[in-house]
Amino acid sequence: MAVRGREARGGGPRGRRRAAGVLLAALLTASACTAPADPDTFLTTGALDAALERRAAAVLAHDPAGYLEGLAPDAAKLRAAQRTELDRLADVPLKSWTYDVKDITEQDGQWATADVELRYRIAGYDTAPVATRRVLELMRDGERWYITEDRPAKGSSGQLWQQGDVEVVEGEHSIVLGVGRSRNELRQVADTVDLAVPAVSDAWPRPWNRRVVVLVPDSVEDMAGLLGSPEASYRGIAAVTTGEVGGTGKSPAIADRVIVNPQAYATLGSFGQRIVLTHETTHVATRTSTSTATPVWLSEGFADWTAYRGEDRAADTIAPELAEAVRTGMTPAELPADPDFGFDGDPAKLAGAYEGGWLACELIAERWGKEKLIAFYEAVGAHDGRDGAVEQAMDAVLDTTPEQFTADWRDYLATRLG
């Protein structure tokens with residue numbers, strides 16, 4: 001079981017205070033004179049909300065004094081770290097920055113722990129905020145409460161500005177934020193995304209923001225930190241798109257971020273980089289029509305279909321793993337399952353899964369047409385849950401069944417790759 005951050009510091013002043021408190025409590029209990037803390041000294045959600053509103057206003061105004069005002073005066077290390085983070089945000093065009101107090105989980109009148117959600121938007125790009133959970137440790141000094149620690153909640157990812165000075169480059173349809181990367185490198189990424197956006201809009205002629213936020217950290221290790229996942233999962237992955245999907249296609253959009261692995265991305269030529277960023281931009285465009293009902297073969301296959309549709313490349317060049325399987329009599333019996341797309345599995349199996357999803361969408365576009373492919377994608381995503389989503393959409397939009405479609409897909413693999 002994980003040890004909570006506050007309890008892990010048992011050797012410090014607070015740990016000694018706790019130990020003394022335990023001894024005092026035992027003595028009071030023995031003498032039947034227990035004296036509860038005065039509720040009036042407790043931290044209230046309203047008081048913390050007000051303090052965090054002032055802190056948020058200081059971020060938007062880039063006011064260091066106001067930002068640090070709520071921190072414990074003697075917490076020199078925390079104050080220095082928070083001042084550095086604020087400085088790193090100087091060039092990021094923030095539209096909003098808010099805190100939402102979710103719960104005050106522990107307190108005794110002098111110390112408190114609060115679960116807080118930070119939500120922010122980049123001006124001109126985010127139509128919805130990015131949300132991340134934080135844990136605040138606070139102490140009472142006289143009539144005031146001060147923050148003594150501000151850390152990510154368990155399971156939450158880090159933020160780019162916590163990794164170093166943020167360089168910002170804007171394109172026509174893009175904004176690229178990087179740490180430890182040259183301005184020229186970030187400009188090339190922005191230019192590539194600017195080419196991707198019109199291509200994606202042509203493949204997905206539905207309303208979307210047509211604005212993309214890209215993060216380029218200094219290393220794959222830092223990329224993993226932004227995703228809250230092990231580094232090994234992303235070593236060979238050039239880029240991923242973050243974002244939340246709801247239970248149905250009716251759920252509100254959450255701001256997406258395309259996160260680039262600088263090492264893997266650098267090994268690609270201009271063609272590969274264009275394919276990768278067009279693929280990821282497709283995920284941004286289709287987010288509001290993607291839900292938990294959408295199988296991964298469809299979301300990834302559609303993104304690859306969009307990326308490759310304007311390219312003059314042979315199918316066996318785009319899908320070498322699947323081509324080898326077909327030629328050796330190992331044609332898959334079923335469409336790729338969600339677990340086949342796991343980054344920490346067999347790279348060949350992962351490549352084959354992406355190729356299978358791409359050719360499934362190719363088949364739909366070729367046999368039924370582009371508009372039917374789009375309508376099928378939307379119908380699946382709008383379904384209330386995974387069960388029956390593909391079956392009903394295939395029946396309503398394509399007039400087929402999953403069994404017949406799978407058989408047609410296997411025949412299509414033999415035709416295109418055999």
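In this predicted model, the charged end of Arg-313 lies over the ring of Phe-271, 3.7 Å from its centre. A second contact of this kind involves Arg-55, whose charged end sits over the ring of Tyr-67 at 4.1 Å from the ring centre.

Aromatic rings also pair with one another. A pair of aromatic rings is described by the distance of the centres and the angle of the planes. With centres within 6.5 Å taken as the criterion, the count comes to 13 aromatic pairs. One of these joins Trp-97 and Trp-161 in a tilted arrangement, with 5.5 Å from centre to centre and 50° between the planes. The two residues are 64 apart and link distant parts of the chain: Trp-97 belongs to strand E1 (residues 94-107), whereas Trp-161 lies in the loop between strand E4 (144-152) and strand E5 (166-170). Both Trp-97 and Trp-161 are buried. Elsewhere, ring pairs connect Trp-204, Phe-302, Trp-305 and Tyr-377 into a cluster.

Attention now turns to strand E7 (residues 212-216), which is largely enclosed by the rest of the structure because 5 of its 5 residues are buried. In a regular strand the side chains alternate between the two faces of the sheet. Both faces of E7 are covered, with Val-212, Val-214 and Val-216 buried on one side and Val-213 and Leu-215 buried on the other.

Strand E7 has pairing partners. Strand E6 (residues 174-179) runs parallel to E7 and is joined to it by 5 bridges, with Leu-177 opposite Leu-215. Together with helix H5 (residues 183-203), E6 and E7 make a left-handed β-α-β unit. Strand E9 (residues 257-260) also pairs with E7 in the parallel sense, over 2 bridges, and here Val-214 stands opposite Val-258.

How values were computed
Residues are numbered from 1 along each chain as its sequence is written. This is a predicted model: local features need pLDDT of at least 70, side-chain atom pairs count only at pLDDT 80 or more; totals for chains, interfaces and linings use all residues. Side-chain values use heavy atoms; hydrogens and water are left out. Rings of Phe, Tyr and Trp (its six-membered ring) pair if their centres lie within 6.5 Å; planes under 30 degrees apart count as stacked, over 60 as edge-to-face and the rest as tilted. Helices (H or I, at least four residues) and strands (E, at least two) are DSSP runs, numbered from the N terminus. Buried means under 20% relative accessible area, exposed over 50%, partly exposed in between (1.4 Å probe, protein chains only). A charge sits over a ring if NZ of Lys or CZ of Arg is within 6 Å of the ring centre and within 35 degrees of the ring normal. Two strands pair if DSSP finds at least two bridges between them. A crossover is right-handed if, with the strands pointing away from the viewer, the path from the first strand over the helix to the second runs clockwise.
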